[in-house]
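Hi everyone, thanks for coming.

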Amino acid sequence: MHDFQYRQGELYCEDVPLSRIAKEVGTPCYVYSHATLLRHFRAYDSAFQNIPHIVAFAMKANSNLAILRLLAREGSGVDIVSGGELYRARQAEVPTSKIVFAGVGKSREEIRDALKSDILMFNVESSAELHAIDEVAAEMGVRARVALRINPDIDPKTHPYISTGLKKSKFGISADRALEEFKLASSLKHIEVVGVHKHIGSQLTDVTPFVEALRKVLGLVEALKAQEIGIRYVNIGGGLGITYADESPPRPQDLADAISPLVRDLKCVLIMEPGRVIVGNAGVLVTKVLYTKEGEAKRFMIVDAAMNDLIRPSLYGAYHDIRPIREAAAHGERKTVDVVGPVCESGDFLAKDRSMPEAKPGELLAVMSAGAYGFVMSSNYNSRPRAPEVLVKGGEMHVIRARETYADLVRGETIPDFLR
Ligand code: PLP
């Protein structure tokens, strides 16, 4: 459920017509609904209300400061994967006691910054990283809290690029070697083992892989107990899918119902790292039709948003519904088109072979479900300034990131004297 609905013949975000936003900030632009964000966060958080838990929003999905702040005010922590994300989280005043740090390639500087910030824990992905954290913590005279990320070798049945819990994946420590790694971790002087972590993939549309992976992790927790390695936190990662087209993913309550019986008596705090399910359907990308073009073999609808603004279709072949902002235009004669952007790549498309109502130049379109892995994955390719981001709350619109300028594009670049 989201707050982008047709009213009086126009697509609105809450009480603001998207056409008004396009007029004020131009296109392309990202628009997020405050009400949808809140509702999604609360649905997730309250589904687990009977279990001690921390929701650590996976900020890789959307790291705008205003959105982080909004979620932090609701009680959310964050799952970070870089020093840059730590910086953003701190700027948004996310409590450091609710920050967990994953990723296979944490640098020593990032580890140092995170220890300085006294984050809740590192989710460690290899023994080499464990040693690096131990060394940095020793230099600083502190102990680092860690969870080990286990790769349970469970197929999440999603796109291969967003499957992370299979043997061949770069993430985590294999379940077979986990006990050994935990023993190593407990022997290191500047490491405090506090948890176990897993995240098997994104856009999961069934609870079964979650349950299977959790069972494996809980088997390990039992084995650790026998070795007197106490675990206080079990982190089940993120991954709950959303509806892009006609998927019917489980609701947070379904996930909670499936896993609660397994963790109820565990005496551990459950950590969850949802990203997409909180923000995905809370955002759209608004774009304008520039031209239509009849190719030899295909029809093209050329719009002003491109793969640099939203790379998911090019990268994963992902589907995003595309709706005209004028409702009347939605009922026009349909034709099969490729919706493409101005970037000079054949892979630059937002939709392929899509039945779309005919649209004239100037027509505004909303690319739906673009709130997760949208703006955060955007780039300046083809020297295109990145789009602005707007947060709508009721009848108010707030620009939460300004459109980049041409000057922004060259910031930090210099021409050396010998070229002058
Ligand atoms: N946690 C970790 C470690 C991840 O790598 C990811 C996504 O890649 C997430 C959480 C969030 O996943 P999702 O957005 O599918 O909930």
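The side chain of glutamine 203 reaches the backbone oxygen of isoleucine 242 at 2.9 Å. That's what I'll call a polar contact: a pair of N or O atoms within 3.5 Å, where, within protein, one must be able to donate a hydrogen and the other to accept it, and where residues adjacent in sequence count only if both atoms are side-chain atoms. You'll find glutamine 203 in the loop between β11 (191–197) and α8 (208–226). Is glutamine 203 buried or exposed? Its relative accessibility is 10%, so it counts as buried. Buried means under 20% relative accessible area, exposed means over 50%, and partly exposed is in between, with a 1.4 Å probe and protein chains only.

A quick word on where this comes from: it's a predicted model, where local features need pLDDT of at least 70 and side-chain atom pairs count only at pLDDT 80 or more, while totals for chains, interfaces and linings use all residues. Residues are numbered from 1 along each chain as its sequence is written, and side-chain values use heavy atoms, with hydrogens and water left out.

Okay, zooming out. The protein has 13 helices and 21 strands; those are DSSP runs numbered from the N terminus, helices being H or I with at least four residues and strands being E with at least two. Of its 420 residues, 55% count as buried. The radius of gyration is 23 Å, which agrees with the value near 22 Å that a compact globule of 420 residues would have. That radius is taken over C-alpha atoms, and the globule rule is 2.2 Å times the number of residues to the power 0.38. Along the principal axes, the C-alpha trace spans about 70 × 65 × 45 Å.

Next stop, aspartate 304, in the loop between β15 (299–303) and α11 (312–316). Aspartate 304 is buried too, because its relative accessible area is 10%. What does its side chain join in a polar contact of 2.5 Å? The partner is the side chain of threonine 27. Leaving aside neighbours within four places in sequence, aspartate 304 is in contact with several residues, among them Pro28, Lys288 and Arg384. Contact here means heavy atoms within 4.5 Å.

Threonine 27 has something else going on: the peptide bond from there to proline 28 is cis, with omega near -5 degrees. Proline 28 itself is in the loop between α1 (18–25) and β4 (29–33). Why point that out? Because most residues other than glycine have a negative phi, and most peptide bonds are trans.

Glutamate 93 has a positive phi, near 60 degrees, and it belongs to the loop between α4 (83–91) and β7 (99–101). Glutamate 93 is exposed, since its relative accessible area is 56%. Then there's aspartate 118, with phi near 55 degrees, in the loop between α5 (108–116) and β8 (121–124). Aspartate 118 is partly exposed, at 47%.

Last one: helix α3, residues 65–73, whose buried residues include Ile67 and Leu70. Asparagine 64 caps its N-terminal end, with a side-chain oxygen 2.8 Å from the backbone nitrogen of alanine 66. Just after α3, glycine 75 takes a positive phi of about 105 degrees.

That's my tour, so over to you.
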